[in-house]
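Morning, everyone. I'll go through one structure, chain by chain. Please have the display open.

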Amino acid sequence: MHMLSLPLSLLLLSTTARAELVVVASHESPISQLSRAQLAEVFSGRTRIVNGHAITPVEYENADRERFYQQVLGRSPSQMRTIWAKLLFTGDGQPPRVFGSYTEARSQLLADRGLITYIDSKQLGPGLKVIFP
Amino acid sequence: MPIRPLLLLLGLLALNLPAALAEDTPQLHLSGFGSLAATRTDDPAIGFKRNFQARANADEWSFEADSRLGVQLDLQLNPSWQGVVQVVGMQRERGKFQPTVEWANLAWQVNPNWRLRLGRMVTPVTSTSESREVGYAQLGARAPLETVGIYPMVGHDGADLRYRQSLGSGEARVQVFAGQTAFKLPFLEYEVDQVAGALFTYTLNDWTLRYAHTRIRDARATGGSYLETTRPLVAGLNMIAPFCAATLCSDTITRINRLSSGWGGHFNVLSLGYEDGSWSLQTEYATRKLDTFVSDGRSLVALLGYHHGELTPYLGFSRADSTNRQRAVQFAVSNPALQPTANMLAGIVSRNLYEPQAANRKLYTLGLRWDVHEQLALKFQLDQIRHKYTDANYNGFYVRQPDADGQLRPYDGRLRLYSLSADFVF
C-alpha cells in the first residue's frame, strides 16, 4: 500500500504543484516588505497608506485571484466582493483596477512605484521586487 | 443642491479642474445594486416598514419594505478628480417607488493623505449609514435599523474633508463634514440648515474602531399633514403655557414649539468591527439627544457571522430605547379653571406625540447569507422582537395596526419578522 501510494503522491504533486504566489512592486518602490495583515488591509481598501507611503493594488485578467484571496489574504472571493461593493457604493474607493493582461499590469507597475500586484513567482522579471512574502 | 455648496463647487472647479482635465481622458463607469426582498411579520397587530415609507404590511408577505434599486455613475476625470452620482429607488413617503439622488459629489484627492468632497453625500452617522441601501454589502438582510434609525435624516449637501495617515501599525482617518439637508417623512417635511460632524476611524489588522459625532441645528418642519393636525394642539398649549406651574409643563410646550421654530441635537456612535477569513463581527452603540419633543435615545447592535465557503450563518442582538418619552405627561397649571383643559392637552400630547415613540425593543436575529453567484447573495433572516410597551401606538419601523373599527389591534409585545432577499450588484 505504502509502496504504491508514495509514487502516486509524487505524481500528483508534480502535476498540481504551482509556483509560489508573490506580491510585487517596482524596484523603486519605497516599500520593502508588507505583512499578510497589511496586504489584507490594502486589498480590502481599508488602508491606502503604509508607513507613510501610498499604495494602490491592481489586478489583471487571468490573475490567480481565488488562490491569492484564500491563501494570502485569508478571505474568500465573496468576502472581497462584499467589501468592494461597500467601498464602491459609498464613494470610498474603487476595487483594484483590472488590467487586460499581466504584461500591461507589469508596465504600469514599472511606471508607478505606488502600484502593487500579485504574480506567480515564475513570472518575476527585471524591474520588479518581491514585497511579500 | 443648495446654493452655498454649489458656489463652493464652482469655486473649486475654477481653481484646478480645467487644467487637470486637459491632461487626462475622463472615464465613465456605470454600476448598480439592488435587492428583491420580501418581509413578513407574524402578527396582524404590527406592520414593518422603513421609517420614511408610507405603507407598512402586517402578517403577509410584502416586497415593499426592503426592495430597492440603485444605479451609480462614476466619472474618473484623472487620478485626482472623481465625480459620482447615485440614484436609489424604493418605496418612499408617498407609498410609491420613487428615485432619489443619494450621492452627487465631486472628490479631489489632493494627495494620498487628503481628500475633499463637495456636493451631496450620505451623512456618516453610523458605520453602516453610507451603505445602508446596498443590501449586497450587508451581512444581514438590512443595515441594522436600531442604530441607523437613530438619525432621522439621511444625507447632506455640503463639504467633506478626510485625512488618512499611518499610525502605529494601523491607519487612522479623520473626517469632518458640514452642510444642510431636507428630508421627507409620510407626514412631515424638514429642512435642516446645519448638519456637521466629525468621525475618527482606526484600522489595525482585522479590527476597525470608529467614533462619530454628528450635530444638527435649525431643523424646521416646513410642511406635511402633521403640522396641520397638531396646529390646534399647539395653539391650546401656547394658551396654557403662561400658567404652567411645573417645569415639565413649560419645557414640554417649548419643545413642541421647536418643531416649527427650529430644533437641534447631537448623535454619538461608537463602533467596533472585526473581519477575518472566518469571522465577522459588528458592534455599535449609538445615542442621540435632541431639544425638541422627539425622544432622546440609545441603541446597541451586535452581529456575528461565520464564513464557511459561500455560506455565512449569522446571529445578532440589538436593542433600541426611547429614553424619555415613554411615559404619560401631566401639566400642572396655576389657574385652577384651566386645569381640565391642561389635563386634556396632556392626554393628547401623551397619546399622539409621546406614545408613538415608545417602541422600546430588543431583537434577536438569526440568518444565513448564501453567495450563490459572484454578483448575487441570497439571505434568509428571522428577527424575534420583544417590545417593552405593548399599549403604545408605535410608528417608525414597527407600526401598530388598527382593526376595522379603528382601534389598535391587541398586541402581546412579541413579534417575528421573516425576511427573504436576493441582493445583487452589477
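Of the 133 residues of chain A, 37% count as buried. Buried here is a matter of counting: 20 or more other C-beta atoms within 10 Å of the residue's own, against 12 or fewer for exposed and anything in between for partly exposed, with C-beta atoms placed from the backbone.

Some ground rules. This is a predicted model, where local features need pLDDT of at least 70, side-chain atom pairs count only at pLDDT 80 or more, and totals for chains, interfaces and linings use all residues. Residues are numbered from 1 along each chain as its sequence is written, while chains are lettered from A and ligands numbered from 1 in the order in which they are written.

On confidence, the model scores ipTM 0.86 and pTM 0.88. Chain B averages a pLDDT of 91, and 94% of the residues score at least 70. pLDDT is the predictor's confidence in each residue, from 0 to 100.

Back to chain A. It has 5 helices and 7 strands. Those are DSSP runs numbered from the N terminus: H or I of at least four residues for helices, E of at least two for strands. Along the sequence the pattern reads α-β-α-β-β-β-α-α-β-α-β-β. Take contacts in chain A between residues at least 6 apart in sequence: 71% join residues at least 24 apart. Contact means C-beta atoms, placed from the backbone, within 7 Å.

Now look at helix 3 of chain A, residues 65-73. Which residues in it are buried? F68(A), Y69(A) and L73(A) are. They cover an arc of only 95° around the axis, so they sit on the same side of helix 3 of chain A. That arc is taken over the directions from the helix axis to the C-beta atoms. On the other side of the helix, E66(A) and Q71(A) are exposed. The cover over the buried residues includes strand 1 (21-26), helix 2 (36-43), helix 4 (77-89) and strand 6 (115-120) of chain A. After helix 3 of chain A comes G74(A), with a positive phi near 70°.

N62(A) is not a glycine, yet its phi is positive, near 70°. N62(A) lies in the loop between strand 4 (56-60) and helix 3 of chain A. It counts as exposed because it has 9 C-beta neighbours inside 10 Å. The peptide bond from F132(A) to P133(A) is cis, omega near 0°. P133(A) falls in the segment after strand 7 (128-132) of chain A.

Chain B has a positive phi too, about 55°, at D218(B), again not a glycine. D218(B) is in strand 10 of chain B, residues 207-223. With 14 other C-beta atoms within 10 Å, D218(B) is partly exposed.

Two helices of chain B next. Helix 3 (residues 225-240) and helix 4 (residues 247-261) of chain B pack at about 140°, axes 11 Å apart. Axes are lines fitted to C-alpha atoms, for helices over the stretch in contact, with angles from 0 to 180 degrees between N-to-C directions. L227(B), V234(B), L237(B) and N238(B) in helix 3 of chain B meet I253(B), I256(B), N257(B) and S260(B) in helix 4 of chain B.

Last, the interface. How many residues of chain B are in contact with chain A? 30, and they contact 23 residues of chain A. Strands 1 (27-41), 3 (68-76), 4 (81-91), 5 (97-109) and 7 (155-167) of chain B each supply at least two residues of that side of chain B.

Conventions. Contact = placed C-beta atoms within 7 Å.
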